[in-house]
Amino acid sequence: MRLSKTLLPTLKEDPVEAQIVSHKLMLRSGMIRQLGAGIYSWLPLGLRVLRKVENIVRQEMDRAGAQEVFMPAVQPAELWQETGRWQQYGTELLRFRDRGGRDFCFGPTHEEVITDLVRNELRSYKQLPANFYQIQTKFRDEVRPRFGIMRGREFLMKDAYSFDLDQESLDNSYELMFKAYQQIFKRCGLSFSAVEADTGAIGGSDSHEFHVLAESGEDAIASCSNCDYAANLEKAVAGWPDVVACRPTAQMQKVATPNIKTIDEVAGFFAVTPDKTCKSLLVETDEGRFMLLLRGDHELNEIKAANFLDGDNFRLMEPEEVKKLTGVGVGSIGPVNISLPIIADLSLKNSSDFICGANEDDFHLTGVNWESDLPRPEFADLRNVQAGDSCSRCDFGTLRLDRGIEVGHVFKLGDKYTKSMGMTVLNQGGREQTPLMGCYGIGVSRIVAAAIEQNHDDNGIVWPIFLAPFHVEILLINPKEAAAAQLAEEIYKQLQESGLEPLLDDRNERLGVKFKDADLIGAPLRVVIGGRGIKEGAVEVQSRVDGSSEKVALDKVGELLINRTKGLLQES
């Protein structure tokens with residue numbers, strides 16, 4: 001490709017709307033342009049990278065035995081109503097009506113569509129196991145789209161769906177996809193971690209997320225220092241060492257605490273650490289209202305709490321609702337003499353002499369103990385893990401927290417969709433049997449942004465070889481110098497004929513502009529060709545990865561670039 005004939009609108013400065021590195025560099029390098037909130041056009045440079053990710057995904061899915069299909073983005077409401085998700089999915093589902101008044105949605109995912117397709121086409125156990133995938137545009141109406149492609153409303157996704165006759169077969173299909181995902185992310189040159197995860201709105205049982213580790217990641221990932229345990233913060237569980245309950249040493253007392261409301265204020269007032277206090281939260285689900293108790297230094301994990309209470313529409317009650325229900329502000333509520341079901345976090349199980357709200361404004365209770373001051377409640381894992389917590393999987397490790405960008409998610413759905421949509425096949429005994437499903441998603445467009453988050457420097461992008469839009473950039477200092485221009489053309493054609501992808505910067509631009517654009521674009525190798533080098537009989541070959549450079553004889557340049565690029569491809 002020749003830059004003089006290419007749309008490459010690079011920017012000198014970081015756009016004010018861009019907050020993270022990938023968003024800044026994708027805009028500055030001319031990869032994308034915003035059309036609307038969370039909606040982007042892909043320009044030639046960006047599209048080349050996107051297609052490379054797409055090809056890697058397609059090759060590995062095909063290698064794993066999945067069959068490619070292409071399903072409609074617009075889906076009729078009737079399918080979603082069969083599974084109950086038309087009401088359950090929430091505001092991220094873009095709903096609309098056609099001219100006939102029929103309800104549709106723009107698909108954020110395709111479980112219903114693929115199940116409808118398969119229930120009409122597969123009849124026998126002999127046709128299973130089967131796995132179907134597509135690479136297609138999805139739309140999720142994010143409340144706050146941000147970070148460019150990282151959390152857009154419209155995005156490119158690979159979604160796959162497996163159908164198996166029994167659990168053992170599903171386990172095998174899941175393992176095949178798990179290994180295929182590992183290979184995909186390795187080929188993309190990413191440092192990643194596979195972690196246990198909550199199934200969320202998709203549903204099902206076992207679930208793993210694949211995260212690219214980066215400081216800009218929105219998700220917290222807990223991992224063990226000793227074993228291979230790793231989980232999303234929503235799912236992570238701390239170990240519970242055997243702690244002997246401390247014998248109560250104090251009598252419960254009510255103490256005036258004027259204008260003391262937060263945990264830090266309470267701990268400071270009583271000159272104790274926050275772990276000696278008890279935090280009370282009121283929540284509501286379709287099943288009713290509950291009080292949740294946590295140690296003062298812990299934070300509620302709403303996913304765990306919602307799963308334990310097993311009620312839809314879980315939410316924390318608003319301060320005005322708490323005031324109306326209890327008669328006191330949120331900073332003064334507590335578990336003593338409260339007429340609500342109480343669930344306490346496991347970390348409080350052996351607590352004694354703790355401090356909590358007194359259910360009276362500007363008062364707290366000290367010396368509170370189970371059984372003597374309030375009945376021992378039901379206990380559950382309700383909190384987020386913290387760095388330094390013991391591992392729940394082994395006896396020796398502690399947990400650390402890192403930031404991650406979710407780029408893939410795999411689920412064991414079971415019969416959640418096949419059963420609700422009445423899909424059956426005839427088993428070996430000639431009887432109808434409901435197959436089990438798996439679901440496997442990859443954010444194809446998000447991988448592009450995640451790769452930039454992991455591969456950049458102060459000057460621009462440093463592409464992994466398999467994702468680089470171009471393998472080699474030929475930087476022609478002055479196109480008007482005939483000998484230099486001729487050499488650049490010869491090298492350009494030689495690289496093309498060898499199957500590589502060169503970029504020839506043949507623009508009539510200042511040298512400083514060309515070098516800055518070359519750094520932004522981030523081709524792994526660069527050859528600088530000018531009149532002086534021609535006279536000296538050598539040109540400079542530079543590595544974008546490590547910044548090294550060397551002088552190479554004119555008649556050896558093409559061969560060196562070909563061998564070095566193919567070597568990088570083989571190493572990767």
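**Interface of domain 1 and domain 2.** Domain 1 and domain 2 together bury about 340 Å², of which 37% lies on carbon and sulfur atoms; buried area is the accessible area (1.4 Å probe) that two parts lose on being put together, summed over both. On the side of domain 1 that touches domain 2, the residues comprise two nonpolar, no polar and three charged (Asp, Glu, Lys and Arg count as charged; Ala, Val, Leu, Ile, Met, Phe, Trp, Tyr, Cys and Pro as nonpolar; the others, Gly among them, as polar). Zero salt bridges are found across this interface (a side-chain nitrogen of Lys or Arg within 4 Å of a carboxyl oxygen of Asp or Glu). The model is predicted: local features require pLDDT of at least 70 and side-chain atom pairs pLDDT 80 or more, while totals for chains, interfaces and linings use all residues. Residues are numbered from 1 along each chain as its sequence is written, and side-chain values use heavy atoms, without hydrogens and water.

**Placement of the domains.** The assignment, automatic or from a database, gives domain 1 (17-236 + 401-452), domain 2 (253-380) and domain 3 (470-571). The centres of domain 1 and domain 2, taken over C-alpha atoms, are 38 Å apart.

**Cis peptide bond at Pro129.** The bond from Leu128 to Pro129 is cis, with omega near 0°. Pro129 lies in the loop between helix H5 (111-119) and strand E7 (130-139) (DSSP runs of H or I, at least four residues, and of E, at least two, numbered from the N terminus).

**Backbone at Ala271.** Although not a glycine, Ala271 has a positive phi of about 55°. Ala271 occupies the loop between helix H7 (263-270) and strand E14 (278-285).
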